[in-house]
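Please read the following points alongside the sequence and the model.

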Amino acid sequence: MLAMDQGVVEEWLSEFKTLPDSAIATYAASLKEKGSLIPALYKVIRENYSDLLEPVCHQLFEFYRSGVPQLQRFTLQFLPELLWSLLSVSAARDPHTSGCIEALLLGIYNLEIVDKDGQSKILSFTVPSLSKPSVYHEPSAIGSIALTEGALANHGLSRVVYSGPHLQRETFTAQNRFEVLTFLLLCYNAALSYMTPASLQSLCQLSSRVSICGYPRQQMRRYKGISTRLTVTSEFLVQLITGIHYALSNGEAELGSKALDDVLYRAQLELFPEALLVGNAIKSSLHSAALKSKEGGRSIQVEITPTASRISRNAVTSLSIRGHRWKRNETQEVSVDGDPTLGSVAVPEISVTGVSGERMANGDSLRPRSDGRNHLDDSLGASSEVSTDSRGHDSGSRSQEVRRQKSVRRMVENEGSGLASAGRSQY
């Protein structure tokens, strides 16, 4: 560690101790202006045998215990690097060099699981409903959802998941290590929008190292750190993926993509369904969304709910169906001999005085009388063919058309029989 970096850290350690309580808020806001302090603190944390490591951890814990949000976020930005230091030392079987880091992490954990009154916290998380848009999905992108009885019963209901109460921890063991680390990552992800680019890079590096150490992919990544496999849990990987998702959309596209691939690689080896589900969902969404540049705003890309202008104006509704039916009925209802109920059936003209054609001596004509009936049948058959070929008629229109044809046929038969009787009476 350079002497200049050591001087910056020592000045930072002594400065906070002499501050009065009234000046803490002003001091917390001025930490952002110290550009050389954060890189120097990263160097101290990475050197496990540094003499400044213990006072730095103590100072970071004092920041977090103060309750000032700016100071708490300042401590949280070093959390990924602290986690990696703890895990690497644990894998090397050298716990004596990580005592101060363990104390810092356990102190943050014990502060977060209780409220201001010292009572255990119970965290609640609302699971978004698929039928309503959220920052995670759009109902239009999922497709139509079957309106079953169960779906209608659950429509509008929100499912709430609870976490806690959590137990106080005095030391790290093999059983509770990842329970504590997963909860700390949950606190880190809650403040992701305040994290610096250096912190997001550290998170991506932590995810890759934890996932590939001791596996063949470590040689492909050319990482020459520890070669011991680190035990992980599915919940721990899910929290890592959550942070990677934010880093991907906020300037760390390359590191974030590698970290996501490494975490999915480890999840496949361990057969962790939760991590595979979340990781593959994020990976598939990256193909349809362009990653923001490093100058872009801090955000997570989501779809926008479609506005009214994007909805098709030709949508089929009950009103449009009724309007279409009324238009069709208006075109069919034409007047036949002053009777509008006859519809669009073509009725042949029939002479009342007789049937056209030359008459024989006995009063018969050269053209048989059945021609009028045949012509009527042809016209009725043609109209019935047109009626059956039109696919747009509904069942009510078809039945009404059949009744109209039958009434016309009976009327024509009655007139034909009347003409025949009139001809016989003349002769």
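1. Where is L271 found? L271 lies in the loop between α14 and α15; helices (H or I, at least four residues) and strands (E, at least two) are DSSP runs, numbered from the N terminus. The model is a predicted one, in which local features need pLDDT of at least 70 and side-chain atom pairs count only at pLDDT 80 or more, while totals for chains, interfaces and linings use all residues. Residues are numbered from 1 along each chain as its sequence is written, and side-chain values use heavy atoms, with hydrogens and water left out.

2. The backbone of L271 deserves attention: its phi is positive, near 60°, although the residue is not glycine. Most residues other than glycine have a negative phi. L271 counts as exposed because its relative accessibility is 66%; exposed means over 50% relative accessible area, buried under 20%, and partly exposed in between (1.4 Å probe, protein chains only).

3. Helix α14 (residues 253-270), which L271 follows, has 18 residues. From first C-alpha to last, α14 reaches 26 Å, close to the 26 Å expected at 1.5 Å a residue; the expected span is 1.5 Å times one less than the number of residues. Its buried residues are G256, A259, L260, D262, V263, L264, Y265, R266 and A267. The cover over them includes α11 (197-212), α12 (217-221), α13 (234-248) and α15.

4. K283 counts as partly exposed because its relative accessibility is 34%. Leaving aside residues up to four places away in sequence, K283 touches L260, D261 and L264, contact meaning heavy atoms within 4.5 Å. The side chains of K283 and D261 are joined by a polar contact of 3.3 Å. Such a contact is a pair of N or O atoms within 3.5 Å; within protein, one must be able to donate a hydrogen and the other to accept it, and residues adjacent in sequence count only if both atoms are side-chain atoms. K283 and D261 are 22 residues apart in sequence and 8.7 Å apart from C-alpha to C-alpha.

5. Which residues have the most contacts inside the largest nonpolar core? They are W12, V56, F74, F78, L105 and L181, in a core of 82 residues. A nonpolar core is a set of buried Ala, Val, Leu, Ile, Met, Phe, Trp, Tyr and Cys residues joined through side-chain atoms within 4.5 Å. Helix α13 gives the most to this core, with nine residues. Domain 1 (1-114) and domain 3 (196-291) both contribute residues, so the core lies between them; the domain bounds come from an automatic or database assignment.

6. Helix α3 (residues 37-46) is mostly covered, with seven of its 10 residues buried. These are L37, I38, A40, L41, Y42, V44 and I45. Their cover includes α1 (3-17), α4 (53-65), α5 (69-76), α6 (79-91) and α11. Among the contacts of V56 are L41 and V44.

7. As for the protein overall, there are 18 helices and two strands. Of its 427 residues, 35% count as buried. Among contacts with a separation of 6 or more, 70% come from residues 24 or more positions apart.
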